[in-house]
Structures are given as structure tokens and as C-alpha cells.
Amino acid sequence: MKTVITSEYEALFRQHFRLATLYAERIVGSAHEAEDIVQEVFIALLDVDFSQIRQKESYLYRCVRNAALDHLHARMKNRFYDINSKETVRLAAEENAPGDEQAMIEQIAAIYHRIEALPEQGRRIFKMICIEHKSYVETARLLSLSLHTVKTHMSRSFKALRKISMFFLTLF
């Protein structure tokens, strides 16, 4: 299937690619990632009927913002998963990292131990959502709990974990 690039699309690309990339860079903090995000947005926009959009520039920047936030969210989930895996903590501790790295390793180990110290139900829910990347709704369904119960357990778990370190707050 051949995609037809309209003059309106091409003008939007020429006028806003660089600015949209700078906008995405402010969100994700990396010029390379921002450029990839904006390219993906423009590729997705090829399938959009521009005649139905009144404020094309606003639409573009909203798409870029959402894509950048989705990218950040995925990055943070992966970072949390990597940091909290037992193997990562064990290997990092074996390397006897100096200074700040050693302190960070100790904080990560403390957070992992704090997760294990959570009440059983809260720990199970926390792991399903934050480590296994399940949604609140899916977790509630799998555990035969109400959505409100899952949210309450997550709130209590976050509150308990926040006490251990401000470092934890940077993961979300």
C-alpha cells in the first residue's frame, strides 16, 4: 500500500519537526530519543485524515507530548524492574562499588528488603503492578479483589516504601 504525502503534511513536517524535537527533548532529556519519538509521531500521522483536524499544530504537539510521556513511562518501568531485581542487587554488591555507587547499592538493597517486608497482600499487589507491569484492573481481576482494594494496598505500599528513601521517588 502506497502512502500519499500531502502538501499539508509536508509543510507541517518542514515547519515543526525541529521544534517538536526540542519539545520532546525537554520531556525525555535526550536529543536522540526525542528525534526518534518525533519521527514515530510523524509516521503515525501519515494514517491520519488531516481534513478532520482543525488545529494541526496543536494536534502534532499533543501527539509528541503523549509519545514522549509514554516513552518516559516505559523507561521508568524498565529502570524500576532492572534496579529491583535480586540479581542486579547481588552483582552490584559483589563489585564493591566505591562512594556514591556503594550508597546507591545499599539503598536499592534496602528498598528490596522493604518490599519483602510489606504485608503479604500488599507485597503481592505491589510486585504484580510495579515489577510484572500488570494494570490495576488486571491485578484486581487476577486476585479477585475490588479495584479500590488494589489501589488502597498500593497506596499503603508506596507510603511504607517512601519512608526508606527519597531515591525511591525518582523511580516513578
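I started with the order of elements, which from the N terminus runs α-α-α-α-α-α-α-α. That makes eight helices and zero strands in the protein.

This is a predicted model, so I checked confidence next. Mean pLDDT comes to 78, with 73% of the residues at 70 or more. I marked residues 166-172, where pLDDT stays under 50. The model still gives that stretch 22 contacts beyond four places in sequence.

Then I looked at the inside. Of the 172 residues, 30% are buried. The largest nonpolar core has 16 residues, and I noted Val 38, Phe 42, Leu 45, Leu 60 and Val 64 as those with the most contacts inside it. Helices α1 (7-28), α2 (31-45) and α3 (56-84) each put at least two residues into this core. I also found a second, separate core of twelve residues, among them Ile 125, Ile 129, Ala 140 and Val 150.

I picked Leu 45 and listed its partners, leaving out residues up to four places away in sequence: Tyr 9, Phe 50, Tyr 59, Leu 60 and Cys 63.

For contact range, I took pairs at least 6 apart in sequence; 60% of those contacts join residues at least 24 apart.

Last, the outside. I have the accessible surface down as about 11,200 Å², with 53% of it on carbon and sulfur atoms. Tyr 136, Val 137 and Leu 147 make a nonpolar surface patch, with about 240 Å² of accessible area together. Tyr 136 sits in helix α7 (residues 136-143). I logged Tyr 136 as partly exposed because its relative accessibility is 30%.

Methods
Residues are numbered from 1 along each chain as its sequence is written. This is a predicted model: local features need pLDDT of at least 70, side-chain atom pairs count only at pLDDT 80 or more; totals for chains, interfaces and linings use all residues. Side-chain values use heavy atoms; hydrogens and water are left out. pLDDT is the predictor's confidence in each residue, from 0 to 100. Contact means heavy atoms within 4.5 Å. A nonpolar core is a set of buried Ala, Val, Leu, Ile, Met, Phe, Trp, Tyr and Cys residues joined through side-chain atoms within 4.5 Å. Buried means under 20% relative accessible area, exposed over 50%, partly exposed in between (1.4 Å probe, protein chains only). Helices (H or I, at least four residues) and strands (E, at least two) are DSSP runs, numbered from the N terminus. Patches are made of residues with over 30% relative accessible area and no salt bridge: like charges are joined within 9 Å, nonpolar side chains (Val, Leu, Ile, Met, Phe, Trp, Tyr) within 5 Å. Accessible areas come from the Shrake-Rupley method with a 1.4 Å probe; for residues, only the protein chains shown count as cover. A salt bridge is a side-chain nitrogen of Lys or Arg within 4 Å of a carboxyl oxygen of Asp or Glu.
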